[in-house]
Amino acid sequence: MSLSPRYTAIPFRERLTLPFREGLPFRGRLTLPIRGRLAAVVAAVMAVVAAATIVIGVLVGVQRPLPTAADALKVALSQVGTTEDAAGGSKFNQWFMSSPYARAGVERDGGSVGDYANASWCDMFVTWVGDKAGVKGMGGDAFTPSHARWFKDQGRWGTVPKPGAVVFFSWSGGGIGDIDHVGLVIRDNHDGTIRTVEGNTDDAVKIRTRGTDSVVGYGYPDYGH
């Protein structure tokens, strides 16, 4: 019997399994529609491509590079000129109050989350920058001595003013317990001063030049390269 052009004969030797019966040997020819065979092949290829795409996507996501110091500074510098309101609060205070850092601060120091509404916000600004830039190892706090101790406990503390480092100041020249202010290093001027971007300096976000004699130390976030 001749086959229609739409069909093809495929040599076939297999064991068929029937309901409630052992597999029976079978020898013969299996006839399938050509269109059906093509559809099955196309479907199989598409499944392989889809699976490969998923695997590649996962690998790319895992290997996504960490934000760099330049990324963090770009976020910080975009806020230069931002000022606080008449009560002494800022957008950074409002953000901080909605973050886990505020709740952690209350658990540690007492008070309430609302106490941060008009509090000094230099460290809230640094914490905000780290969050917005997606930086790991930045930590987060509103109390500068505690933030500095966190860096030290993490083994991310030193005396070198690297770009993107979190710089802690004491106007009296004291240690960690006497820290008054915090910002981010833009660059080392190599003349005893550093260029910084800071929040809550003259009630705004500004770029400053500071003498290193007032620096207590630097915290180093986990930046990419």
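Hi everyone, let's start with the overall layout: this chain has six helices and eight strands. Both kinds of element are DSSP runs numbered from the N terminus, with helices being H or I over at least four residues and strands being E over at least two. Reading from the N terminus, the order is β-β-α-α-α-α-α-α-β-β-β-β-β-β.

A word on the model before we go on. This is a predicted model, where local features need pLDDT of at least 70 and side-chain atom pairs count only at pLDDT 80 or more, while totals for chains, interfaces and linings use all residues. Residues are numbered from 1 along each chain as its sequence is written, and side-chain values use heavy atoms, with hydrogens and water left out.

Now the chain as a whole. Of its 225 residues, 37% count as buried. Here buried means under 20% relative accessible area, exposed means over 50%, and partly exposed is in between, with a 1.4 Å probe and protein chains only. The chain exposes about 13300 Å², and carbon and sulfur atoms supply 57% of that; the areas come from the Shrake-Rupley method with a 1.4 Å probe, and for residues only the protein chains shown count as cover. As for contacts (heavy atoms within 4.5 Å), take those between residues at least 6 apart in sequence: 56% of them join residues at least 24 apart.

Next, the aromatic rings. Rings of Phe, Tyr and Trp (its six-membered ring) pair if their centres lie within 6.5 Å; planes under 30 degrees apart are stacked, over 60 edge-to-face, and the rest tilted. That rule gives 11 aromatic pairs. One of them is Phe92 with Phe125, an edge-to-face pair at 5.2 Å centre to centre with 80° between the planes. Where do the two residues of this pair lie in the chain? Phe92 is in helix 3 (residues 91–97) and Phe125 is in helix 5 (residues 122–133), 33 residues apart. Phe92 and Phe125 are both buried.

Phe92 also makes an edge-to-face pair with Trp128, at 5.1 Å centre to centre and 75° between the planes. Because Phe92 lies in helix 3 and Trp128 in helix 5, this pair ties together parts that are 36 residues apart in sequence. Trp128 is buried, as is Phe92.

Lys162 lies over the face of Tyr220, at 4.6 Å from the ring centre. Arg210 does likewise over Phe169, at 5.7 Å.

Last topic: salt bridges. How many are there? The count is six, where a salt bridge is a side-chain nitrogen of Lys or Arg within 4 Å of a carboxyl oxygen of Asp or Glu. Arg156 and Asp222 meet in one of them, at 3.9 Å from N to O. Arg156 sits in the loop between helix 6 (144–153) and strand 3 (157–158), and Asp222 in the segment after strand 8 (215–219), so this pair ties together parts 66 residues apart in sequence. Arg156 is partly exposed at 26% relative accessibility, and Asp222 is partly exposed at 25%.

Arg208 bridges to Asp202, with the closest N and O atoms 2.6 Å apart. Arg208 is partly exposed at 24%, whereas Asp202 is exposed at 55%. Finally, salt bridges that share partners join Arg108, Asp109 and Asp141 into one network.

Key: Lys NZ or Arg CZ within 6 Å of the ring centre and 35° of its normal.
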